[in-house]
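Keep the structure in view as you read.

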Amino acid sequence: MCCSDLFFCALLISAQIATLVKNSPSYPLLLKKSFALLLTFLTINIAFSQHKVELVFSHSVSQERLQKTVRDLVGFGNRQGGTRSGDRAAAYMMREFRRMGLKTEILEDPEKMTFTNDQWSLDVVQPAKLKGVFAHSWLAGFSPSSRQKRVRLVRVSPDGDLSKVDVDSAAVLVDLNSAGSLYGRLAEKGAVCLLTWSEPHSRAYINSAFIENLPAGNSNPIPVFDISRTSAHTLMKTLDFNREIRIAFSSKTRIKKGKSKTVVATLPGRSAKYFIVCAHGDSDSGGPGADDNASGDSGVLEIARILSTMKRNGEISIPDSSIRFIIWGSEYSSAEHFVKTNSNELENILGVLNFDEIGTGAVRNCIYFEGNDQRTNYKILKTLQRIGEDYVGKKSFWHEATTNPSQGGTDSYVFLPNYLGRLGVPVVEIPSITVYTAAWQEPKSIFQPREWRTKAWKGSQDSVYIDYSLYYHSSMDTPSLTTDREPFNMVWGVKAVGIALLRLAWH
Ligand SMILES: [Zn+2]
């Protein structure tokens with residue numbers, strides 16, 4: 001039985017009840033009981049039709065399509081805003097939204113410095129047995145070009161004492177914590193490149209390189225290569241035995257000004273007020289960025305595709321509020337530009353649902369909704385918490401779901417009151433949250449306020465364990481290691497936000 005059948009059934013029953021009660025001696029009492037019965041019936045009917053439409057949405061989510069979109073996007077390169085790779089990714093998104101019949105436009109940010117790493121090489125020349133040790137290394141963003149050089153490798157000790165080592169005309173091995181403060185001095189003393197690595201309190205970067213960007217601009221004196229922990233430890237062990245290591249390297253990069261392109265597609269509603277469903281379109285690390293954040297972009301596209309199809313098929317009506325699907329050209333700066341250019345009508349934004357990293361998870365199979373410490377987010381996060389509980393453990397839904405307090409570091413923060421204040425635009429109370437399945441490169445436990453405890457969370461109720469990505473901002477954030485390995489994460493993200501929109505934008 002479909003929901004419209006149920007509705008007519010309810011009308012028939014109510015007509016019959018009305019006839020019966022009119023002819024009854026206990027008319028007032030029966031009238032009350034009848035209306036209560038009718039109300040219950042209508043409530044069940046509405047809940048049933050809501051549930052039905054949510055299931056139609058959920059069954060329409062295509063895991064294969066989500067995976068393919070990630071692979072397509074990663075194929076364009078690192079999608080940095082204002083570069084050819086970023087432009088190609090934006091054109092791809094625009095094409096896809098237009099294919100769905102959505103009105104789509106491109107917004108350009110003001111110019112900013114951008115980089116493109118066209119080519120680089122890095123290998124050991126001597127000893128020969130270390131050849132290939134730099135597998136999965138990466139060239140740091142905003143590194144300058146350098147012709148091919150063959151140089152000795154030296155190591156700066158953890159205390160950063162440069163008096164003990166001759167770095168002139170040498171490549172320097174230095175851990176990431178010291179690299180930032182020593183970079184300029186090492187270049188002044190004649191170092192020709194740096195090799196850096198990171199050691200978080202987790203299993204991340206054992207074989208992949210954490211990608212670090214140099215300050216934006218074209219005045220950085222020497223290139224920096226990011227290498228894995230294993231590579232760094234192998235080199236250090238060899239140097240500790242006083243064996244000489246010689247390496248060969250080169251870099252060819254372009255550093256210039258460019259404008260990030262943000263794609264905005266609109267599903268029109270009955271009102272000018274709108275929800276934003278968004279994700280940053282660039283790989284902000286400069287690496288492949290499959291999980292961070294092609295997974296999020298793919299999720300936005302999938303929701304837009306399903307809702308526009310359901311509307312075309314008459315499975316849903318025109319929403320009460322509009323929905324804008326936005327792929328930010330560059331993380332943070334594009335959302336800031338959007339807020340500034342729309343500063344006179346920020347009160348039209350009913351809520352922001354942001355995806356950032358919905359493609360992997362190192363330890364748990366959980367979907368997270370952030371940040372429950374912001375008063376403005378109360379209603380929207382209670383809706384998501386309820387959705388988490390309604391569907392947890394059901395076939396092809398999340399194993400765990402929880403809200404969590406703010407951690408920062410993504411586009412949803414731009415819309416929150418503190419950030420709006422800093423941008424000098426009217427401070428409007430916009431609920432703005434992020435949905436993800438992994439964050440950062442190591443796990444964290446955050447205190448969970450009592451009112452946000454949920455039966456959809458299987459761990460301790462006092463705190464929430466934030467899962468991390470083994471490949472966060474790394475050279476190996478590739479589809480095969482993240483979104484193709486655990487594609488269910490994206491499916492969960494799409495279902496959670498799609499269902500949330502069905503509960504929020506149609507009422
Ligand atoms: Zn991100």
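## A seven-stranded sheet

Seven strands make an open sheet with mixed pairing, in the order β2-β8-β4-β5-β6-β7-β3. Strands, like helices, are DSSP runs numbered from the N terminus: E for strands, at least two residues, and H or I for helices, at least four. Two strands pair if DSSP finds at least two bridges between them. β2 (112-126) and β3 (138-139) stand at the edges with a single partner strand each, so one side of each has no neighbour in the sheet.

This is a predicted model: local features need pLDDT of at least 70, side-chain atom pairs count only at pLDDT 80 or more, and totals for chains, interfaces and linings use all residues. Residues are numbered from 1 along each chain as its sequence is written.

Look inside the sheet. Strand β4 (residues 146-155) pairs with strand β5 (residues 171-175) in the parallel sense, over three bridges. There, L153 stands opposite A171 in β5. Helix α5 (residues 176-188) lies across β5 and β6 (193-197), running at about 145° to β5. Axes are lines fitted to C-alpha atoms, for helices over the stretch in contact, and angles run from 0 to 180 degrees between N-to-C directions.

## An eight-stranded sheet

Another open sheet has eight strands, ordered β1-β9-β11-β10-β12-β15-β13-β14, again with mixed pairing. Its edge strands are β1 (103-108) and β14 (400-404), and each pairs on one side only. Neighbouring strands of this sheet are turned by 20° against each other on average, direction ignored.

β1 and strand β9 (residues 261-267) pair in the antiparallel sense over six bridges. E105 has V264 in β9 as its bridge partner. Helix α9 (residues 378-391) lies across β12 (349-355), β13 (366-370), β14 and β15 (432-436). It runs at about 165° to β14.

How do α7 and α11 cross? The axes of helix α7 (residues 290-312) and helix α11 (residues 488-504) come within 9 Å and cross at roughly 50°. The two helices are therefore oblique to each other. Here, angles under 35 degrees count as roughly parallel, over 145 as roughly antiparallel, 65 to 115 as roughly perpendicular and the rest as oblique.

In α7, the residues S295, S298, G299, E302, I303 and I306 meet M490, G493, V494, V497 and G498 in α11. Residues are in contact if their C-beta atoms, placed from the backbone, lie within 7 Å.

## Two domains

The domain assignment, automatic or from a database, gives domain 1 (61-110 + 259-504) and domain 2 (116-255). Their C-alpha centres lie 35 Å apart. The contact takes 15 residues from domain 1 and 16 residues from domain 2.

How values were computed: Contact = placed C-beta atoms within 7 Å.
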